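Please have the sequence and the model open.

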There are 2 protein chains.
Amino acid sequence: MRVLVIGGDGYCGWATALHLSNRGYEVGILDSLVRRHWDMQLGADTLTPIAPIQQRIQRWQDLTGKKIDLFIGDINNYEFLIDALRRFQPDSLVHFGEQRSAPFSMIDREHAVLTQVNNVVGTLNLLYAMKDEFPDCHLVKLGTMGEYGTPNIDIEEGYITIEHNGRKDTLPYPKQPGSFYHASKVHDSTNIHLACRIWGLRVTDLNQGVVYGVLTEETGMDEMLINRLDYDGVFGTALNRFCIQAAIGHPLTVYGSGGQTRAFLDIRDTVRCMELAIANPAQAGEFRVFNQFTEMFNVGDLAIMVKKAGNALGLNVEINNIDNPRVENEQHYFNAKNTNLLELGLQPHLLSDSLLDSLLNFAVKYQNRVDKNHILPKVSWRR
Amino acid sequence: MRVLVIGGDGYCGWATALHLSNRGYEVGILDSLVRRHWDMQLGADTLTPIAPIQQRIQRWQDLTGKKIDLFIGDINNYEFLIDALRRFQPDSLVHFGEQRSAPFSMIDREHAVLTQVNNVVGTLNLLYAMKDEFPDCHLVKLGTMGEYGTPNIDIEEGYITIEHNGRKDTLPYPKQPGSFYHASKVHDSTNIHLACRIWGLRVTDLNQGVVYGVLTEETGMDEMLINRLDYDGVFGTALNRFCIQAAIGHPLTVYGSGGQTRAFLDIRDTVRCMELAIANPAQAGEFRVFNQFTEMFNVGDLAIMVKKAGNALGLNVEINNIDNPRVENEQHYFNAKNTNLLELGLQPHLLSDSLLDSLLNFAVKYQNRVDKNHILPKVSWRR
């Protein structure tokens, strides 16, 4: 089975590409490397020293004998995209190739427009390429749990059955995204659902929670295979960010009261979820939605867990409730379903002291790479 | 009160601009004229001979003494947009300035991308301009009833209260658009709702049905004020299209079985709805949604009504159920609410024999302008 991982140079993409290669899939990586470019523009960098994609892939081949094809270019360029697909002939497409930071999308109008055009047009191009030349290919698309927002009812997986005035229908679950980035994923879902209905495409949308951790079986094999780990205010996500802050003696930056509850998962489960989705493809015409997370935490509780784990390692950890740069509910109901992936066989790695130890030790090891100017959030939703 | 009508050279926009001017509003028109450009590219033309926008406005001023400011340019160009807003200083913005044809968006990948980027970025630009410099301005945005699709439950106005597992919330009504054009309007709704929540903007979204008719009190004053009337397979909409087909002796083109039910309204009600929305603005932070239509018909019944009216005028009218170029349900439940505008005082012009007579006579008058090559639909959803 041939799988093309779009965005395969990124945090989830790189780990997924290696995992699938290790499991015997024929893997290609397609990436424009624009994320590395944005890092340079922002003056930010991953905590971990990631090698150039060409060297990463070469080392993987040297270590395992497994070859990964590389296509450098942008899926917003349709000529490039269709040419790469013709050369690779994928059975499955994994699509991580989007701008994935909420704060990045909220920097200003230009970044909001960039995010939405980049994400929506890239996905539209994929859908047209599938319709025209790869109608049986299975698209596994990364969505986000942030599409749902924080409704006061249980969050189902993509759809909800509604009884209303004596009638009943199962309809797309209502979406309340909290940033122009999250909104771009809602737009994608709307477009993909339409393409499945009118063209019979087969697509799985993985509404992923916040990913934490850095090591997978494959990326831990060699330092040149190391994955990126973001700690800055734009690309760093909760938990990873907290561990790095704890390692360098910076107070943990909890936004507002910290009562925001979110869905989380270990990156080792991300790669396993991708594999499960690929191995069990959607039917023709089916727009299948899985909520991809294993546990729910509120941000304040996460900070306390990191503080305790840090203290056990002899680190002095403080927690700072800073002004919330986002506009979001800080006290709300949140209960999301995640049974689809469990039913396919996912065995979750739940958040544990040992994982926090490992992450904290990782952060301590690379603490000299941290630029403290990039820790506090600089992007305000209200500005 | 100063109202800027974006897309004021179009079918709904022109009628609205004149109506508001006649009612004493200070009106500006902002338009890129790209719709006239697309007509040229498609080789299509309005049935009615519309004058250049500059001449239309001059004639209006000569007839009534009322001046309409004109801004020629594209809201996708932010510099142009913000400059026009600074010069005009609007109290209300009416936004008709989008690509509005479903078949146009389904021509090919390029037209799908053009439609979504044009519509989404234009509206994003408006939202940012409002946030930065016109936070109290009221945006009246044209949506479409086609955002909802054809759910098997009653269609509410923008939101629905859902009881689920013993809890309750009022959430955005689930959307199932049937083309990439309709999807672009869903994207707009998602973005606007977000902007209202985070920035406190005031917006009214008018989910309009299919508009029919050509004369309003103002556009009927003089032939140089005449409104456009589209009959081609790309921009022509049901009813207007049927009347023109009847007038020239072409069989009425009913797509498929004709059991598709849609919401309709007279263009005289469109202009009145715009006035009602402007005169009763949304609150700060409110994303208010009105369903803007007066009656529901299925397409087959509409064709029969036109046939009867045509026969009464001595026209020989046939009905052809042609292969449906779209992918849509041809038998479905459809029951949409439209109480919000009625409560604000809308007094509907219901579809009547006299309106059909007038439309048919209009079509007969200009029948020599019809190019029969453009009558049948050429754009297939499945292609």
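Between chain A and chain B the count of salt bridges is zero. A salt bridge here is a side-chain nitrogen of Lys or Arg within 4 Å of a carboxyl oxygen of Asp or Glu.

This is a predicted model: local features need pLDDT of at least 70, side-chain atom pairs count only at pLDDT 80 or more, and totals for chains, interfaces and linings use all residues. Residues are numbered from 1 along each chain as its sequence is written, chains are lettered from A and ligands numbered from 1 in the order in which they are written, and side-chain values use heavy atoms, with hydrogens and water left out.

**The A–B contact**

Polar contacts do occur across the two chains: 20 residue pairs, both at pLDDT 80 or more, are counted between chain A and chain B. A polar contact is a pair of N or O atoms within 3.5 Å; within protein, one must be able to donate a hydrogen and the other to accept it, and residues adjacent in sequence count only if both atoms are side-chain atoms.

Four elements of chain A give two or more residues to the side that touches chain B: helix 6 (109-133), strand 6 (159-164), strand 7 (167-172) and helix 7 (180-199). Helices (H or I, at least four residues) and strands (E, at least two) are DSSP runs, numbered from the N terminus. The residues on this side of chain A divide into 26 nonpolar, 13 polar and 13 charged. Ala, Val, Leu, Ile, Met, Phe, Trp, Tyr, Cys and Pro count as nonpolar, Asp, Glu, Lys and Arg as charged, and the others, Gly among them, as polar.

Chain A gives 52 residues to the contact and chain B gives 52 residues, with contact meaning heavy atoms within 4.5 Å. The two chains bury about 4,800 Å² between them, 64% of it on carbon and sulfur atoms. Buried area is the accessible area (1.4 Å probe) that two parts lose on being put together, summed over both. A:Arg109, A:Arg167 and A:Phe180 supply 14% of the area that chain A buries against chain B, more than any other three residues.

A rotation of 180° with 0.0 Å of shift along its axis superposes chain A on chain B, at RMSD 0.0 Å. Of the contact residues of chain A, 100% recur in chain B.

**Helix 4 of chain A**

Helix 4 spans residues 78-88 of chain A, and its buried residues include A:Phe80, A:Leu81 and A:Phe88. Buried means under 20% relative accessible area, exposed over 50%, partly exposed in between (1.4 Å probe, protein chains only). Their cover includes helix 6 of chain A and helix 6 (109-133) of chain B. At the helix start, a side-chain oxygen of A:Asn77 reaches to within 3.2 Å of the backbone nitrogen of A:Glu79. A:Gln89 follows helix 4, with a positive phi near 55°.

**Salt bridges**

The structure holds 49 salt bridges over all chains.

| Pair | N to O distance |
|---|---|
| A:Glu98 and A:Lys141 | 3.7 Å |
| A:Arg109 and A:Glu110 | 3.4 Å |
| B:Lys131 and B:Asp132 | 3.1 Å |

A:Glu98 and A:Lys141 are both buried. A:Arg109 is buried at 15% relative accessible area, whereas A:Glu110 is partly exposed at 46%.

Definitions and conventions: Least-squares fit on C-alpha atoms with pLDDT ≥ 70 in both.
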